[in-house]
Amino acid sequence: ISIIGSNGFIGKNLALYFRSLQNKHDIYEINKNTSKKKFIDKINLSDVIINCAGINRSKIKKDFNNNFKICEFIVNNLKFSKKVKIIHISTTRFNDKSLYGITKKKAERKLISFKNSNLIIKIIRCPNVYGKWAKPNYNSAIATFCHNVIRKKKSKLFKENDKIKLLYIDDLCKIIFKEINLNHKNKNL
């Protein structure tokens with residue numbers, strides 16, 4: 001199993017979760033510090049590739065393009081000598097007009113448009129994920145609220161009456177683990 005974005009919030013939790021199961025899976029962690037050669041080697045050794053890399057916030061607009069460029073890199077460098085399942089972590093905000101939503105949707109389209117009989121693609125669209133190692137003011141509204149409450153700071157609510165859909169990180173890890181063990185044809189979750 002290759003975990004792309006292994007230093008991030010979701011990736012770090014996934015690696016810990018898989019190792020805690022003490023099962024027979026080899027875990028390859030891929031992050032910004034992984035060379036292109038090692039990246040390519042690891043994904044081609046894998047039966048499952050979990051892409052949880054992504055830019056949530058940036059002051060530089062071009063940074064958001066990495067949300068789909070990573071998908072392009074994966075499919076362009078797979079040799080497809082065996083069946084491979086790509087589990088792509090996306091967002092329920094994929095229809096937003098924000099750069100984040102636009103580039104996450106573009107990433108989904110890139111994966112879905114790639115045709116290969118040895119490729120199974122699963123897309124998991126997550127709501128606001130929270131839990132250990134979430135960064136306030138970056139990838140979790142819950143982390144931000146908790147951070148602010150502890151420091152007696154006010155939190156700004158943009159849509160006060162809207163309900164926020166939440167997913168606990170350990171529950172997401174279980175969903176991904178279950179998906180790894182399913183054998184369906186191409187189907188989006």
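**Note on ring contacts and strand pairing in a predicted model**

1. Lys-132 lies over the face of Trp-133, 5.9 Å from the ring centre. A charge is taken to sit over a ring if NZ of Lys or CZ of Arg is within 6 Å of the ring centre and within 35 degrees of the ring normal. Arg-125 lies over the face of Phe-94, at 3.7 Å from the ring centre.

2. On the basis of these values: the model is predicted, so local features need pLDDT of at least 70 and side-chain atom pairs count only at pLDDT 80 or more, while totals for chains, interfaces and linings use all residues. Residues are numbered from 1 along each chain as its sequence is written, and side-chain values use heavy atoms, with hydrogens and water left out.

3. Rings of Phe, Tyr and Trp (its six-membered ring) pair if their centres lie within 6.5 Å; planes under 30 degrees apart count as stacked, over 60 as edge-to-face and the rest as tilted. The count by this rule is 6 aromatic pairs. In one of them, the centres of Phe-18 and Phe-177 are 6.1 Å apart and the planes stand at 50°, so the pair is tilted. Phe-18 belongs to helix α1 (residues 9-20) and Phe-177 to helix α6 (residues 169-180), so the contact ties together parts 159 residues apart in sequence. Helices (H or I, at least four residues) and strands (E, at least two) are DSSP runs, numbered from the N terminus.

4. Phe-18 is buried at 2% relative accessibility, whereas Phe-177 is partly exposed at 22%. Buried means under 20% relative accessible area, exposed over 50%, and partly exposed in between (1.4 Å probe, protein chains only).

5. Phe-80 and Phe-114 form a stacked pair, with 5.6 Å from centre to centre and 20° between the planes. Phe-80 lies in the loop between α3 (66-77) and β4 (84-91), and Phe-114 in the loop between α4 (99-113) and β5 (119-126), so this pair ties together parts 34 residues apart in sequence. Phe-80 is buried at 13% relative accessibility; Phe-114, at 25%, is partly exposed.

6. Strand β3 (residues 48-51) points Val-48 and Ile-50 one way and Ile-49 and Asn-51 the other way, and all are buried. Two strands pair if DSSP finds at least two bridges between them. Strand β1 (residues 2-4) pairs with β3 in the parallel sense over 3 bridges, and Asn-51 in β3 is the bridge partner of Ile-4. β3 also pairs with β4 in the parallel sense, over 4 bridges, where Ile-49 stands opposite Ile-86 in β4.
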